[in-house]
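Subject: Handover of a structure

Dear colleague,

Please find the structure below, followed by an account of what was found in it.

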Amino acid sequence: MKREVYHMVSAESVVVSKASVVYDFTNSKSPAQSSGELIYEVPRRQVLCIKWHINEYPMMSPNTETACYLMFKLSENCHGLHCPVIVRDQFQWKSKEIIYFRSPSPWNLHDSDRVPKKRRDGWMEVIVSKFNSDFVTQRGCFSGKLKLISYEGTMSGLIIRGLEFRPMEE
């Protein structure tokens, strides 16, 4: 079964702020245009801000739970990211989710679908945000800004390929 991908944005435009590294996924590509893409390795930081803005969002099925997947790899030099990472939506500050970049022990996992999964293309992916498709189709465009916070160590060695938006897998 082929997955339906609504949109993919690559890590081409980078904006660096003093507080953290910001990966600006404003320049977007369709999933078919993945050759020659730029990827980014996160430097020694505890905070990573990711933002995107998509002007022309493709047609989506109505009332569909949709997820934003962060596509990543861990470099050979990555010795951290064994602990959970907090994700805060900057537009809804009260929201707080926990994600993992390494699969946790089953004893440490509590009703979470935000664990890394291997993709067919060799990369890993983890859900960083969820939303209902009706929210996007009413507005015609879609923006987001997430802050990822590692309280135990840095995110050094995290290699980011981009974001992929598609319906939640069952």
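Arg166 lies over the face of Tyr69, 3.7 Å from the ring centre. A charge is taken to sit over a ring if NZ of Lys or CZ of Arg is within 6 Å of the ring centre and within 35 degrees of the ring normal. Lys73 also has its charged end over a ring, that of Trp123, at 4.7 Å from the centre.

Please note that this is a predicted model, in which local features need pLDDT of at least 70 and side-chain atom pairs count only at pLDDT 80 or more, while totals for chains, interfaces and linings use all residues. Residues are numbered from 1 along each chain as its sequence is written, and side-chain values use heavy atoms, with hydrogens and water left out.

The chain contains 1 helix and 13 strands (DSSP runs numbered from the N terminus: H or I of at least four residues for helices, E of at least two for strands). Read from the N terminus, the order is β-β-β-β-β-β-β-β-β-β-β-α-β-β. Of the 170 residues, 43% are buried; buried means under 20% relative accessible area, exposed over 50%, and partly exposed in between, with a 1.4 Å probe and protein chains only.

Confidence is expressed as pLDDT, the predictor's score for each residue from 0 to 100. The chain averages 75, and 68% of the residues score at least 70. The mean is lowest in strand β2 (residues 13–16), at 35, and highest in strand β10 (residues 117–118), at 94. Residues 13–22 have a pLDDT below 50, yet this stretch has 27 contacts in the model beyond near neighbours in sequence (contact means heavy atoms within 4.5 Å). Residues 27–35 are likewise below 50, with 14 such contacts. Where pLDDT is low, the predicted coordinates should not be read in detail.

Rings of Phe, Tyr and Trp (its six-membered ring) pair if their centres lie within 6.5 Å; planes under 30 degrees apart count as stacked, over 60 as edge-to-face and the rest as tilted. Phe72 and Phe101 form an edge-to-face pair, because their ring centres are 5.0 Å apart and their planes stand at 90°. Phe72 belongs to strand β7 (residues 65–74) and Phe101 to the loop between β9 (92–99) and β10, so the pair ties together parts 29 residues apart in sequence. Phe72 is buried at 1% relative accessibility, and Phe101 is buried at 2%. Ring pairs also link Trp52, Phe131 and Phe165 into a cluster.

The largest nonpolar core has 25 residues, of which Trp52, Phe101, Leu148 and Leu158 touch the most other members. Such a core is a set of buried Ala, Val, Leu, Ile, Met, Phe, Trp, Tyr and Cys residues joined through side-chain atoms within 4.5 Å. Strands supplying at least two residues each to this core include β6 (47–54), β8 (85–89) and β12 (142–149). Setting aside residues up to four places away in sequence, Phe101 touches several residues, among them Leu70, Val85 and Pro116.

Ser129, in strand β11 (residues 124–132), is buried, with a relative accessible area of 12%. Beyond residues up to four places away in sequence, Ser129 touches Thr66, Ala67, Cys68, Arg114 and Leu146.

Finally, the structure holds 0 disulfides (pairs of cysteine sulfur atoms within 2.5 Å). Cys78 is buried at 7% relative accessibility, whereas Cys83 is partly exposed at 26%.
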